Amino acid sequence: MSTAPLKAYKSVKLDVKDSELRLARGEGEVKLYSNNSSCKYDVSEEGDELSIKAKVCEVELSLQPEAASLELTAEDSDVKADHGGLCRTSVEALGSALRLPLDGLGESDPTVKVKYSSATLNLAYGELRGRSKISAEAEGSSLTINAAVRGSTRVTPIVKSNEGSAVNIGFLDVDSSLGGGEGKVVLELSSSDGHVKAKFSRW
């Protein structure tokens, strides 16, 4: 096992392959485990940016609340990334299982691209005064999006899908029209042979 303390970073880039990744808010620490010598990893930093690459490893990463940007690439991996308050989240997954619970979202633009993967996004927004966007692409994948909004925030879905897709978008006590409310969340969804469920509710 390798353990290293981390300072407060604004931006984090993660690239994992054949690995298990657990990301959470915490004191700032990275732990890398392996049952044998096959775990290969590299941890580097440049200014306020942390970069971690791991192959055939178990990675536990805690980030301090100052982290505002997350860029994640996963291949044949099991990932759970749980961190609130991110302004920018970009995720690409291939042949992976992904769970992404994010809370305390403001005017942010999470982007998720999944291919032959299973992914669940649980998003919780605070009060919005401007526009936020969720960009999602699913190819041959199962994708579930649960998003909770506050106040008079309205939601506008823009969906593109082929005949091999099954897409279901539901609203619970949420305005899905173009008018009303200062805050707005736009869902831009593209599905190719994917199974997608999106549910928007108020909390």
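Contact here means heavy atoms within 4.5 Å. The model is predicted: local features need pLDDT of at least 70, side-chain atom pairs count only at pLDDT 80 or more, and totals for chains, interfaces and linings use all residues. Residues are numbered from 1 along each chain as its sequence is written, and side-chain values use heavy atoms, with hydrogens and water left out.

The protein chain has 19 strands and zero helices. Helices (H or I, at least four residues) and strands (E, at least two) are DSSP runs, numbered from the N terminus. The radius of gyration of the protein chain is 17 Å, close to the 17 Å that the globule rule gives for 203 residues, so the chain is as compact as a globular protein of that length. This radius is taken over C-alpha atoms, and the globule rule is 2.2 Å times the number of residues to the power 0.38. Along the principal axes, the C-alpha atoms fill a box of roughly 55 × 35 × 25 Å. Of the 203 residues, 42% count as buried. Buried means under 20% relative accessible area, exposed over 50%, and partly exposed in between (1.4 Å probe, protein chains only). Among contacts with a separation of 6 or more, 62% come from residues 24 or more positions apart.

Strands of a sheet pair through backbone hydrogen bonds, either parallel or antiparallel. Two strands are taken as paired if DSSP finds at least two bridges between them. An open sheet of nine strands has the order β5-β6-β2-β8-β10-β12-β14-β18-β16. Its pairing is mixed. The edge strands are β5 and β16 (154–161), each of which pairs on one side only. Neighbouring strands of this sheet are turned by 5° against each other on average, direction ignored. For such angles, axes are lines fitted to C-alpha atoms, for helices over the stretch in contact, and values run from 0 to 180 degrees between N-to-C directions. Seven bridges join β2 (residues 11–17) to β6, and the two run parallel. V12 stands opposite L50 in β6.

Further parallel pairs involve β15. Strand β13 (residues 118–125) pairs with β15 (residues 142–149) over seven bridges, in the parallel sense. There, N122 stands opposite N146 in β15. Strand β15 is also joined to β19, by eight bridges and again in parallel. A148 stands opposite S201 in β19.

F200 lies in that strand, β19 (residues 195–202). With a relative accessible area of 0%, F200 is buried. Residues up to four places away in sequence aside, F200 touches I134, A147, V155, I169, G170, F171, L172, V174, V185 and L187. The largest nonpolar core holds 52 residues, of which L14, L61, L143 and F200 touch the most other members. A nonpolar core is a set of buried Ala, Val, Leu, Ile, Met, Phe, Trp, Tyr and Cys residues joined through side-chain atoms within 4.5 Å. Beyond its neighbours within four places, L61 is in contact with L6, V12, L14, R22, L23, A24, E29, V30, L50 and I52.

A54 belongs to strand β6. This alanine is buried, at 5% relative accessible area. Its partners outside four places in sequence are D15, V16, K17, S19, L32, K40, Y41 and V59. A54 and K40 are 14 residues apart along the chain, and their C-alpha atoms are separated by 5.8 Å.

The chain contains one disulfide, counted as a pair of cysteine sulfur atoms within 2.5 Å. C39 and C57 form it, with sulfur atoms 1.9 Å apart. The link is right-handed, with 100° about the S-S bond. It joins distant parts of the chain, 18 residues apart: C39 sits in the loop between β4 (29–33) and β5 (40–46), and C57 in the loop between β6 (49–55) and β7 (58–63). Both cysteines are buried.

Two non-glycine residues with positive phi were examined. V56 has a phi of about 55° and lies in the loop between β6 and β7. At 32% relative accessibility, V56 counts as partly exposed. D193 also has a positive phi of about 55°. Its place is the loop between β18 (184–192) and β19. D193 is partly exposed, with a relative accessible area of 43%.
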